[in-house]
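Here is a short report on a protein model. Take a look at the sequence and the fold before reading on.

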2 protein chains.
Amino acid sequence: MTPVVRVDLDRLHANISAMAAGPIPLRPHVKTHKIPEIARLQLAAGATGLTVATLGEAEIFAEVCDDLFIAYPVWADRRLPDLARRVRLTVGCDSLTAGRALARIDAPLSVLIEIDSGHHRSGVPVDAVADLARGLLSLGLDLRGAFTFPGHSYAPGQMAAAAADESAALVAAGEVLRSFGVTDPVLSGGSTPSARLSDPAVVTEVRPGVYVFNDAQQLELGTCGWEDIALSIRTRVVSRRDDLHQLIVDAGSKILGSDRPAWATGFGRVMAVPEARITAVSEHHGTIVWPEGEALPSIGVELDVVPNHVCPVLNLVDEVEVSDGSRWAVAARGMN
Amino acid sequence: MTPVVRVDLDRLHANISAMAAGPIPLRPHVKTHKIPEIARLQLAAGATGLTVATLGEAEIFAEVCDDLFIAYPVWADRRLPDLARRVRLTVGCDSLTAGRALARIDAPLSVLIEIDSGHHRSGVPVDAVADLARGLLSLGLDLRGAFTFPGHSYAPGQMAAAAADESAALVAAGEVLRSFGVTDPVLSGGSTPSARLSDPAVVTEVRPGVYVFNDAQQLELGTCGWEDIALSIRTRVVSRRDDLHQLIVDAGSKILGSDRPAWATGFGRVMAVPEARITAVSEHHGTIVWPEGEALPSIGVELDVVPNHVCPVLNLVDEVEVSDGSRWAVAARGMN
């Protein structure tokens with residue numbers, strides 16, 4: 001049956017080892033894969049703990065790791081105390097309002113302040129760290145440091161600038177936190193495009209996620225090569241139009257996702273056919289414009305395609321096929 | 001817990017009744033909702049059968065309906081014969097290659113030729129219908145008619161033109177099919193934006209899907225009003241930036257999807273706050289720019305947001321909350 005998500009185990013191992021060999025302690029973001037088996041490989045390669053995005057993900061990964069960071073401005077939920085008693089739990093916070101709700105939790109919990117280093121999503125500006133730190137400490141919270149997601153690294157040529165922004169923000173936050181008596185603050189950064197550029201003199205841990213698989217975005221940003229792509233989608237040609245030099249495959253947005261940054265050349269790429277482009281997706285149709293002068297594959301033929309952004313793909317399937325013949329359940333799929 | 005998908009039952013009933021009251025027999029596309037309970041409501045309101053996109057969906061909906069059309073250029077799968085023996089099954093076909101594979105199926109199966117009426121996805125051009133019809137009939141297939149998806153109706157001001165293209169394509173296909181001895185051919189059309197404009201003198205059935213819930217796309221196309229929106233996502237404000245007049249909510253692309261046509265004003269809308277815009281989504285973050293001059297809601301407050309495109313949303317959750325207090329399982333989620 002197609003479409004199906006497939007993982008190349010050799011490439012997965014190589015990607016995990018390469019990132020683990022970096023100079024900065026690694027706390028990989030497992031929202032990318034959502035698969036406990038892969039988290040175990042990351043921990044065996046030296047990861048100091050895991051990063052998750054939601055409480056639901058944390059509950060799944062508590063089975064394989066006892067040191068979890070929810071890198072998100074968490075709103076205290078009734079399930080949070082149970083989890084905090086099971087594992088060493090750290091959560092993100094960027095407001096006194098959320099801090100007050102966290103302070104009512106009757107369980108051990110550490111907090112990192114989220115800083116906006118230029119991505120302008122969640123997080124406080126650097127000049128607001130002092131007020132927030134003072135407030136969180138006065139609530140009796142265990143404030144341990146700060147984190148940032150330099151998401152503006154996701155643009156061609158912006159990786160180094162985003163890593164520099166990350167450093168500057170974490171340096172400033174670290175000074176503020178030390179002035180409040182937070183010793184050896186955690187200063188956590190990193191995304192897959194920027195993690196190799198993070199400053200080891202500043203950043204105490206990095207949280208990349210996508211690197212385990214890579215994807216068409218990383219390929220087009222230049223942070224990986226074709227040989228580093230460890231996940232692809234096997235799809236079937238179901239229709240073709242010779243007059244438009246176009247194929248329709250059965251991998252649409254329902255398995256590829258529909259993420260497409262303005263700088264991307266399409267909605268994904270085709271393995272072994274670098275000039276092909278996925279120019280449109282609807283739920284069950286992917287439109288591929290085939291390279292000029294190359295013969296169109298026949299209807300019924302299978303192709304391997306690479307999604308733009310791999311994280312949503314794992315949220316769209318219940319399991320993946322592994323190249324050693326096994327299947328892994330995507331245990332944390334849908335854990336919002 | 002947020003985020004969660006919620007269905008307004010009164011509005012759902014009203015939407016189902018309104019479409020069923022149209023002049024053309026209705027075979028609704030259930031890929032939108034993926035929920036057997038809703039299919040039962042559609043059938044009770046007079047639907048003549050159901051449309052699905054995949055074999056997996058057909059297997060689920062065979063439990064509630066014995067007349068299914070897979071509106072897709074189906075590649076014969078080993079599971080197809082079993083299904084064809086359980087229900088009256090019709091499948092789409094747009095090539096002789098796929099037709100040959102279908103002809104090897106040892107089970108009753110009807111076929112509709114897919115025509116490209118201007119959307120340029122799957123389907124043959126009108127001038128290729130004769131050759132394909134001749135070929136499929138010579139294979140011994142039970143050719144019953146033709147269908148088209150006028151997807152180019154999904155653009156402001158294009159609905160009437162797309163409905164006219166649909167009519168022209170189906171008129172032409174009908175003439176060809178009758179000339180080959182296909183009596184009273186099925187001529188199937190319709191999308192939610194165009195279904196009310198389909199020509200009852202030509203089109204023998206329509207296959208809209210989104211109309212049961214509607215969404216921000218339909219709102220911005222003008223095919224529904226706010227009072228017709230039957231599905232929304234309850235989300236929580238988790239972060240706010242007064243300096244940017246911006247909120248972050250916990251509904252990101254992992255529940256809203258990331259579909260955004262060029263003409264849409266954002267990634268979704270906010271119920272009761274028409275001037276607000278969801279300007280960005282990442283997996284767990286929705287960025288909402290709040291109307292100028294209106295006070296930002298506090299962190300912790302819940303908001304109801306409307307996705308751009310409702311079909312992918314149902315593919316992202318295992319169940320929905322219904323306004324009568326019940327919960328419905330999304331039984332066909334992930335059925336690729």
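What is the order of the strands in the open sheet of chain A? The order is β2-β3-β4-β5-β6-β7-β8, a run of 7 strands with parallel pairing.

## Ground rules

This is a predicted model, in which local features need pLDDT of at least 70 and side-chain atom pairs count only at pLDDT 80 or more, while totals for chains, interfaces and linings use all residues. Residues are numbered from 1 along each chain as its sequence is written, chains are lettered from A and ligands numbered from 1 in the order in which they are written, and side-chain values use heavy atoms, with hydrogens and water left out.

Helices (H or I, at least four residues) and strands (E, at least two) are DSSP runs, numbered from the N terminus. Two strands pair if DSSP finds at least two bridges between them. Contact means heavy atoms within 4.5 Å.

The edge strands in chain A are β2 (50–52) and β8 (205–206). Each of them pairs on one side only. Inside the sheet, β5 (residues 110–115) of chain A runs parallel to β6 (residues 142–148) of chain A, and 6 bridges join them. Val111(A) stands opposite Leu143(A) of β6(A).

## The open sheet of chain B

Chain B has an open sheet of 7 strands with parallel pairing, in the order β2-β3-β4-β5-β6-β7-β8. Strands β2 (50–52) and β8 (205–206) of chain B each have a single partner strand, so one side of each lacks a neighbour in the sheet. Strand β4 (residues 88–93) of chain B pairs with β5 (residues 110–115) of chain B in the parallel sense, over 4 bridges. There, Val91(B) stands opposite Val111(B) of β5(B).

Which strands does helix α5 of chain B touch? Helix α5 (residues 96–103) of chain B packs on the sheet against β4 and β5 of chain B, at about 155° to the direction of β4(B). Helix α6 (residues 129–138) of chain B lies across β4, β5 and β6 (142–148) of chain B. The α6 helix runs at about 165° to β5(B).

Two packed helices are described by the angle between their axes and the distance between the axes. In chain A, α1 (residues 9–20) and α2 (residues 36–44) pack at about 40°, with axes 9 Å apart. Therefore α1(A) and α2(A) are oblique to each other. Angles under 35 degrees count as roughly parallel, over 145 as roughly antiparallel, 65 to 115 as roughly perpendicular and the rest as oblique. The α1(A)–α2(A) crossing is right-handed. A crossing is right-handed if the near helix is turned clockwise from the far one by less than a right angle, and left-handed if anticlockwise.

Leu12(A), His13(A) and Ile16(A) of α1(A) meet Ile38(A), Leu41(A) and Gln42(A) of α2(A). By class, this contact has 4 nonpolar, 2 polar and no charged residues. Ala, Val, Leu, Ile, Met, Phe, Trp, Tyr, Cys and Pro count as nonpolar, Asp, Glu, Lys and Arg as charged, and the others, Gly among them, as polar. In chain B, α1 (residues 9–20) and α2 (residues 36–44) pack at about 40°, with axes 9 Å apart. The α1(B)–α2(B) crossing is right-handed.

Strand β1 (residues 4–7) of chain A pairs with β9 (residues 231–241) of chain A in the antiparallel sense, over 4 bridges. Strand β1(A) also runs parallel to β15 (residues 319–322) of chain A, joined by 2 bridges. Arg6(A) stands opposite Ser232(A) in β9(A). In β15(A), the bridge partner of Arg6(A) is Glu321(A).

## Backbone details

Most residues other than glycine have a negative phi, and most peptide bonds are trans. The bond from Thr2(A) to Pro3(A) is cis, with omega near -5°. Pro3(A) sits in the segment before β1 of chain A. A cis bond also joins Thr2(B) and Pro3(B), with omega about -5°. His120(A) has a positive phi, near 60°, and lies in the loop between β5 and α6 (129–138) of chain A.

Terms used
Axes fitted to C-alpha atoms, helices over the stretch in contact; angles between N-to-C directions.
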